[in-house]
Amino acid sequence: MRTHDDIAVHDGGRWYRQPVLWLGAAIFAASMAGCVWMIVLGARHADEPVDAPPPVMGVPATTHDHRPPSR
């Protein structure tokens, strides 16, 4: 037979009574909202094209500054 103390101990272990899980859920929700906000900002403000040589495998082939390096 279950006593009142057994029920109280068992009910305290439910997932929705754990503050760490609520904190984790709040942090996760805030990070997802931040990701969505960054996507919205990126869609609103498009990058302007620049006059640069085409990259080779993702790396610029030349620098923008064509002066010789200083010694």
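Let me start at the surface: Trp15, Tyr16, Leu21 and Trp22 make up a nonpolar patch with about 500 Å² of accessible area together. Patch members have over 30% relative accessible area and no salt bridge, and nonpolar side chains (Val, Leu, Ile, Met, Phe, Trp, Tyr) are joined within 5 Å. A salt bridge is a Lys or Arg side-chain nitrogen within 4 Å of a carboxyl oxygen of Asp or Glu. Areas are Shrake-Rupley, 1.4 Å probe.

This is a predicted model, with local features needing pLDDT of at least 70, side-chain atom pairs pLDDT 80 or more, and totals using all residues. Residues are numbered from 1 along each chain, and side-chain values use heavy atoms, without hydrogens or water.

The fold has two helices and zero strands, taken as DSSP runs (H or I, at least four residues; E, at least two). Trp22 sits in helix α2, residues 19–44. Trp22 is partly exposed at 48% relative accessible area, that is, between buried (under 20%) and exposed (over 50%). Of the 71 residues, 0% count as buried.

UniProt's unreviewed entry lists residues 20–40 as "transmembrane region"; such annotations may be inferred. That span is 100% helix, with its end C-alpha atoms 30 Å apart.

Definitions and conventions:
Buried means under 20% relative accessible area, exposed over 50%, partly exposed in between (1.4 Å probe, protein chains only). Patches are made of residues with over 30% relative accessible area and no salt bridge: like charges are joined within 9 Å, nonpolar side chains (Val, Leu, Ile, Met, Phe, Trp, Tyr) within 5 Å.
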